[in-house]
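Here are my notes for you to read with the model open. Take the points one at a time and find each spot as you go.

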Amino acid sequence: MHTKTQIPTFAALFSKHTLMAIVDIVMPKMGESIMEATVLKWHKQLGDVVKMDETLLEIATDKVDSEVPSTAAGTLTEILFKENDVVPVGTVIARIDAAGTASGAVEKPVTETQNQPQPQPEVSSIPTPEATGSVPSGNRFYSPLVLNIAAKEGISMSELEKIPGTGNEGRVTKKDMLQYVSNRGSQPVADAAPVSKPVSTIQAVTTTSTSYGDNVEIIEMDRMRKLIADHMVRSKATSPHVTSFTEADVTNLVKWREKNKKAFESKYGEKITFTPIFIEAVVNSIKKFPMINASVDGDRIIVKKNINIGMATALPSGNLIVPVIKNAEIKNLLGLTKDVNALANAARTSKLKADDTQGGTFTLTNVGTFGSLMGTPIINQPQVAILAVGSIKKRPMVLETAEGDVIAIRHMMYLSLSYDHRIVDGSLGASFLTAVANELEAFDPNREI
């Protein structure tokens with residue numbers, strides 16, 4: 001899930017060399033799990049005069065596209081990375097002469113040597129699994145890029161797990177993969193699984209199969225669609241998915257919103273949608289079933305005390321992104337409404353910050369927005385559950401009254417919960433889902449705004 005953002009200016013993003021009046025522009029940190037970013041486009045060139053907070057370049061991670069602003073005013077004297085280069089977080093990517101001198105001694109455009117902040121090791125320096133005798137854990141995380149390389153090279157998961165990683169916490173990096181592939185022919189991996197067992201369920205399309213018939217249109221996936229595809233495949237490969245369904249009579253909350261939406265907006269300056277009401281019900285239910293608000297780390301279950309609700313939001317491009325409402329457990333309906341509206345507006349106008357999509361512990365997706373009655377959503381890793389709410393429809397329902405059963409027209413909605421069956425069994429999943437439905441059905445039609 002992925003969109004374009006404006007990164008705020010922080011003094012921590014640069015360091016100054018006061019004697020030379022040179023400011024280092026570094027690759028900003030985009031979140032706890034993001035270790036690198038790709039340079040998409042330079043908005044300024046060597047010798048250009050740059051204003052404070054003016055956009056220098058665009059970068060991309062697997063979460064968001066971001067504009068990096070200048071942290072100083074002056075002249076751009078060095079560009080250390082080209083477009084499409086992958087740069088580690090914290091690396092100097094450009095330098096600005098804050099004195100703004102126009103001496104004309106501007107650095108030459110990026111060359112091959114400039115774009116090598118770290119020398120590449122020789123192939124022989126990357127040991128094979130036979131040499132190290134080390135077999136990493138099967139729970140090791142692999143980035144979408146690493147999985148793509150493995151799939152294209154026909155490297156099975158068992159073979160991938162034998163590749164030593166030089167990244168953070170032993171992660172396999174792109175460099176490790178390329179070195180391993182180049183060395184693979186001369187030193188085969190012992191006990192490697194046959195190539196017929198791929199890393200992911202999506203097979204790399206071979207270039208030999210190019211006949212699709214006459215009446216077709218071939219569309220190349222853009223970068224964002226490729227990332228989404230990788231995330232979906234990885235989620236299915238990581239978590240055994242189970243989906244439970246229920247329905248809720250939401251007549252009371254529909255009538256309450258219809259009656260109070262104008263007064264609510266007049267009083268608070270915010271439009272109230274169904275989303276904050278759904279989130280309130282989810283939060284109350286998580287408090288009753290905290291194991292839903294968790295993640296898995298190997299053989300350990302990490303139960304999160306803070307409830308950070310991700311809400312799947314449609315972008316103008318048709319893709320989805322999941323901004324996160326932090327600490328939803330301490331917010332009332334007005335607070336949730338303000339957060340929902342602010343994040344949804346930021347997503348639509350491409351103004352989400354990188355932090356806005358980080359730290360989610362549970363996700364809500366409203367498939368009813370697109371007219372669907374229900375869905376079977378895919379878990380947003382590393383969370384263990386995701387709730388889908390369908391469209392609200394009027395249907396004849398049997399109601400029990402003191403005078404007997406009657407048929408009445410009610411506003412009904414289906415809910416579906418997909419959960420990670422490694423730690424959430426059917427009893428817990430169904431109980432949580434029922435609790436959400438009960439919260440919605442018990443909504444007070446006389447609630448004060």
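1. Start with Ala98, which sits in the loop between β10 (92–97) and α1 (129–132). Helices (H or I, at least four residues) and strands (E, at least two) are DSSP runs, numbered from the N terminus. Ala98 is partly exposed, at 36% relative accessible area; buried would be under 20% and exposed over 50%, with partly exposed in between (1.4 Å probe, protein chains only).

2. A word on the source: this is a predicted model, where local features need pLDDT of at least 70, side-chain atom pairs count only at pLDDT 80 or more, and totals for chains, interfaces and linings use all residues. Residues are numbered from 1 along each chain as its sequence is written, and side-chain values use heavy atoms, leaving out hydrogens and water.

3. What does Ala98 touch, leaving aside neighbours within four places in sequence? Its contacts (heavy atoms within 4.5 Å) are Ala21, Val23, Ala73 and Gly74. Ile22 is 76 residues away in sequence, yet its C-alpha lies 5.8 Å from that of Ala98.

4. Now look at α9 (residues 426–441). Its buried residues include Phe432, Leu433 and Leu440. Among the elements that the buried residues of α9 pack against are α6 (251–268), α7 (274–288) and β21 (404–420).

5. Leu440 turns up again in the largest nonpolar core, which has 53 residues. Such a core is a set of buried Ala, Val, Leu, Ile, Met, Phe, Trp, Tyr and Cys residues joined through side-chain atoms within 4.5 Å. Ile309, Phe362, Leu387, Leu415 and Leu440 touch the most other members. Helix α8 (residues 333–348) gives this core its largest share, eight residues.
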